[in-house]
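Let's go through this one together, a question at a time. Have the viewer open as you read.

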Amino acid sequence: MPAHADPYLAIDRQPDPEQYASFLEARGRTRSQTRLRRRFLRFCGIRPGWDVIEVGAGTGVLARDLARLVGRRGRVTGVDPSRVLITTALRLAREQGLDGRIAFRVGTGARLGFPANRFDCALAVTVLLHVHQPGAIVRELARVTRAGGVVGIQDQDLGSMVLDHPDQALTRRILDGAGARTVVNPWSGRALVGRLVEAGLTKVRLATDVFQDTTLTESTHSTLTRRAETAVRFGLVGARAATGWLAAIERLAAQGRFVFTINFYGAAGIKPAPSGGRSR
Ligand SMILES: C[S@@+](CC[C@H](N)C(=O)[O-])C[C@H]1O[C@@H](n2cnc3c(N)ncnc32)[C@H](O)[C@@H]1O
């Protein structure tokens with residue numbers, strides 16, 4: 001049986017890393033994801049002129065929104081371990097005329113290499129569910145944030161995936177089974193508040209939001225196909241059952257009755273001033 005393998009742990013070592021760049025961009029363009037992202041940025045209270053770091057920035061979907069939000073006086077730094085994704089992120093920022101406000105660099109979330117208290121805000125969106133030491137990344141986000149600044153994290157929670165399908169038992173076997181084998185922390189969403197509290201953030205708030213797809217978008221199709229392939233690879237279901245499962249999904253979509261939802265949890269907290277100090 002193959003070992004547990006979350007492709008986001010090492011995108012550049014996947015057989016076709018570009019495929020993940022395309023997936024992230026396609027996902028980012030869907031109406032539901034665009035709305036989720038903007039609501040999360042509003043929830044974090046990011047202001048024009050702020051200096052923001054995004055860890056696990058991927059192809060820069062959120063970083064480009066951030067650059068527009070912080071405006072000409074603001075600054076965005078995107079960090080990601082994947083050279084392929086960072087190369088794509090640089091190209092897209094340049095094409096959209098945002099490269100003057102965004103810098104991207106290759107790096108890992110647990111050791112950012114920036115001085116303490118450097119940023120007004122530090123974010124990680126759909127990253128912590130894919131890493132082995134989410135706590136170390138959250139502590140690093142808190143370290144590089146100034147006192148009074150915001151640390152914001154958002155993740156989906158795979159325990160909340162809902163798909164209308166005629167075979168619910170098979171659906172659970174594929175979605176839960178494959179999710180647990182391809183995502184390091186499938187239940188990350190519900191743990192985010194605890195992570196910020198553990199890292200010493202104060203005034204921690206939670207915003208629950210829902211991604212919904214009723215048309216079987218390209219990115220949902222790709223997610224469900226990968227889940228089915230993983231379930232077959234790990235012997236959870238047979239190849240014929242998986243093919244039939246996907247065909248039923250496509251039929252539902254053709255009939256205009258496709259429903260897929262997943263909860264997204266956003267948590268934000270404020271970095272406290274050191275005892276005896278003052279935040280600006
Ligand atoms: C699902 S993608 C999310 C990308 C982007 N935040 C978005 O929402 O489009 C997860 C990202 O986390 C990155 N990643 C994986 N391990 C990481 C680590 N240890 N530190 C920082 N980022 C990491 C991956 O390279 C990938 O770009």
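Predicted model: local features only at pLDDT ≥ 70, side-chain atom pairs only at ≥ 80, totals over all residues.

**Rings, charges and a helix crossing**

Residues are numbered from 1 along each chain as its sequence is written, and side-chain values use heavy atoms, with hydrogens and water left out.

Reader: Is Phe43 buried or exposed?

Author: Phe43 sits three residues from Phe40 in helix 2 (residues 31-44), so about one helical turn separates them. Helices here are DSSP runs (H or I, at least four residues), numbered from the N terminus. With a relative accessible area of 15%, Phe43 is buried.

Reader: What kind of pair do the rings of Phe40 and Phe43 make?

Author: Rings of Phe, Tyr and Trp (its six-membered ring) pair if their centres lie within 6.5 Å; planes under 30 degrees apart are stacked, over 60 edge-to-face and the rest tilted. Here the centres are 6.4 Å apart and the planes at 35 degrees, so the pair is tilted.

Reader: How many aromatic pairs does that rule give, and what is the angle between the planes of Tyr8 and Tyr20?

Author: The count is four aromatic pairs. Tyr8 and Tyr20 form an edge-to-face one, 5.6 Å centre to centre, with the planes at 80 degrees.

Reader: Which residue's charged end sits over the ring of Phe23?

Author: A charge sits over a ring if NZ of Lys or CZ of Arg is within 6 Å of the ring centre and within 35 degrees of the ring normal. Over the ring of Trp50, 5.7 Å from its centre, that's Arg146. Over the ring of Phe23, 4.6 Å from its centre, it's the charged end of Arg226.

Reader: At what angle do helix 6 and helix 8 pack?

Author: Helix 6 (residues 168-182) and helix 8 (residues 218-233) have axes 8 Å apart. Those axes are lines fitted to C-alpha atoms over the stretch in contact, and angles run from 0 to 180 degrees between N-to-C directions. The two helices pack at about 85 degrees.

Reader: Which residues of helix 8 make the contact with helix 6?

Author: Contact means heavy atoms within 4.5 Å. Helix 6 brings Ile174, Leu175, Ala178, Gly179, Arg181 and Thr182. From helix 8 come Leu224, Arg227, Ala228, Thr230 and Ala231.

Conventions: Buried < 20%, exposed > 50% of the residue type's maximum accessible area, 1.4 Å probe, protein only.
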